Every structure is written in structure tokens, then in C-alpha cells.
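Subject: Structure handover

Hello,

Here is the structure I said I would pass on. My notes on it follow below the model.

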Amino acid sequence: MQNPSADYYAHPTAIIDVGAEIHSGTKVWHFCHVMAGSTIGEGCILGQNVFVASGVTLGKGVKVQNNVSLYTGVHCEDHAFLGPSMVFTNVLNPRSDIERKDEFKATRVGRSASLGANCTIVCGNDIGDYALVGAGAVVTSDVPAFALVLGMPARIAGWVSKRGIRLSFDDVGMATCPEDGSRYQLRDDQVTEIDS
């Protein structure tokens with residue numbers, strides 16, 4: 001139930017536990033559950049049927065599409081995008097008859113990174129800033145900033161700009177985003193933006 005003095009919107013079917021921290025401009029849609037001890041930044045959108053566990057943090061402007069569960073240990077930086085029905089885990093070897101809450105692994109989703117529909121992020125991995133995880137990919141290791149990863153297990157298939165446009169590097173490792181003209185350098189399997 002929405003706190004009437006809060007500066008965010010929650011659909012009447014959403015459950016917001018006392019002790020959840022939700023900042024202004026956020027929208028929490030149908031059948032969501034936001035647990036106490038979670039923090040949701042300004043201007044976030046939680047689509048239908050989203051679960052946010054205690055200890056989860058979302059930065060500003062994070063968009064969580066329908067049917068996503070964010071478990072303890074997940075931290076999403078500003079403007080991350082979590083596609084429909086994508087999956088996070090938080091234990092490497094779960095068993096229903098063994099309590100492993102002290103073994104939760106943290107997962108960081110970097111600034112403006114996008115996680116495609118139905119992808120799976122195995123816990124303990126870092127998704128770099130502006131990375132793009134393809135639909136259905138299974139991430140089992142860290143993803144560098146600006147990387148495009150595809151497949152099962154996910155592998156680097158290319159690089160993208162801040163706008164999510166695929167980059168084409170020349171023979172000296174330089175590329176320009178065709179959409180906004182920003183420039184990038186590829187060196188030692190790492191991409192950095194070059195200041196204009």
C-alpha cells in the first residue's frame with residue numbers, strides 16, 4: 001500500500017513494506033512487492049510483477065520491466081535497464097534443504113547497462129557501465145564496460161557506444177558512434193570513450 005505522503009506512485013495492487021526507501025518520481029506498477037531495507041532511486045519504473053528484496057539498491061532512472069525478481073545482493077547503478085523476465089541469482093549452489101543466506105554473492109549492474117529479455121545473470125559478476133547483454137544470454141563472468149555479450153555462456157560479440165549502437169573499430173582501435181559522433185578506443189580488450 002502506498003504511503004499517502006510519499007512522492008512516488010504505487011498501483012493499489014503493489015505491496016510496499018514499511019522500511020522500503022523509494023525516492024520521488026518512481027512508479028511501482030501492478031502486483032509488485034518492494035521489501036523493507038531496499039532502496040529505489042528517483043525516477044525509477046518497476047513494471048508489473050517485479051519483486052525487490054531487502055538490501056537491493058537501484059540508482060536513479062532504473063527501468064525494471066515485467067516479471068523481474070531482484071534478490072539480495074543486486075545493485076543497479078543509474079539508468080540501468082532490466083529487460084522483461086530477465087533473471088538474477090544470488091547463490092551459486094542452492095539447495096532447498098540447506099540455508100545459504102550467508103553465502104549470497106553481490107551482482108553489480110553498471111551505469112546505463114542494458115540486460116536483454118530473458119537473460120540470466122549468475123551471481124557474483126559485474127556488468128560494466130553501458131554494457132549490453134543480449135536477450136537470452138547467460139552471464140557467468142564479468143562483462144566489461146561497453147561490451148556486447150551474446151550466447152550461453154555469454155561471450156563478447158562486439159562493443160557498443162553509450163547510446164547502445166554497435167561500434168566498428170579501425171586497425172588502430174578507434175571507432176565513432178554513427179548516432180552521436182562520440183569516439184571510442186579499444187585497447188587490451190577494454191573500451192574507453194575519448195573526450196571530444
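Predicted model: local features only at pLDDT ≥ 70, side-chain atom pairs only at ≥ 80, totals over all residues.

A contact here means heavy atoms within 4.5 Å.

Residues are numbered from 1 along each chain as its sequence is written, and side-chain values use heavy atoms, with hydrogens and water left out.

The chain as a whole

The chain has zero helices and 25 strands; helices (H or I, at least four residues) and strands (E, at least two) are DSSP runs, numbered from the N terminus. The radius of gyration, taken over C-alpha atoms, is compared with a globule rule of 2.2 Å times the number of residues to the power 0.38. The chain has a radius of gyration of 18 Å, close to the 16 Å that the rule gives for 196 residues, so the chain is as compact as a globular protein of that length. Its C-alpha trace spans about 55 × 40 × 20 Å along the principal axes. Of the 196 residues, 40% count as buried; buried means under 20% relative accessible area, exposed over 50%, and partly exposed in between (1.4 Å probe, protein chains only).

The sheet of β23, β24 and β25

Two strands pair if DSSP finds at least two bridges between them. Three strands form an open sheet in the order β23-β24-β25, with antiparallel pairing. Its edge strands are β23 (174-176) and β25 (190-194), each of which pairs on one side only. From one strand to the next the twist averages 30 degrees; the axes are lines fitted to C-alpha atoms, for helices over the stretch in contact, and angles run from 0 to 180 degrees between N-to-C directions.

β23 and β24 run antiparallel and are joined by three bridges. Thr176 stands opposite Arg183 in β24. The hairpin of these two strands has six residues between them, and in it Gly181 takes a positive phi near 80 degrees.

β24 and β25 pair in the antiparallel sense over five bridges. Tyr184 stands opposite Glu193 in β25, and Arg187 has Gln190 in β25 as its bridge partner. The hairpin of β24 and β25 has two residues between the strands, and there Asp188 takes a positive phi near 55 degrees.

Aromatic pairs

Rings of Phe, Tyr and Trp (its six-membered ring) pair if their centres lie within 6.5 Å; planes under 30 degrees apart count as stacked, over 60 as edge-to-face and the rest as tilted. The structure holds four aromatic pairs. In one of them, the rings of Phe51 and Tyr71 have centres 6.2 Å apart and planes at 55 degrees, so the pair is tilted. The pair links distant parts of the chain, 20 residues apart: Phe51 is in strand β8 (residues 51-52), and Tyr71 is in the loop between β11 (69-70) and β12 (74-76). Phe51 is partly exposed at 22% relative accessibility, and Tyr71 is partly exposed at 32%.

The rings of Phe146 and Tyr184 have centres 5.4 Å apart and planes at 65 degrees, so this pair is edge-to-face. Phe146 lies in the loop between β20 (138-139) and β21 (147-150) and Tyr184 in strand β24 (residues 183-187), so the pair ties together parts that are 38 residues apart in sequence. Phe146 and Tyr184 are both buried. Together with Tyr130, Phe146 and Tyr184 form one aromatic cluster.

Two loop residues

Asn125 is in the loop between β17 (120-121) and β18 (126-127). Asn125 is buried, with a relative accessible area of 10%. The side chain of Asn125 reaches the backbone oxygen of Val122 at 2.8 Å. Not counting residues up to four places away in sequence, Asn125 touches Ala106, Thr107, Arg108, Val139, Thr140, Ser141 and Asp142.

Ser96 is in the loop between β14 (87-88) and β15 (107-109). At 83% relative accessibility, Ser96 counts as exposed. Ser96 and Ala113 are 17 residues apart along the chain, and their C-alpha atoms are separated by 32 Å.

Regards

Note on methods: Polar contact = N/O pair within 3.5 Å; in protein donor to acceptor, adjacent residues only side chain to side chain.
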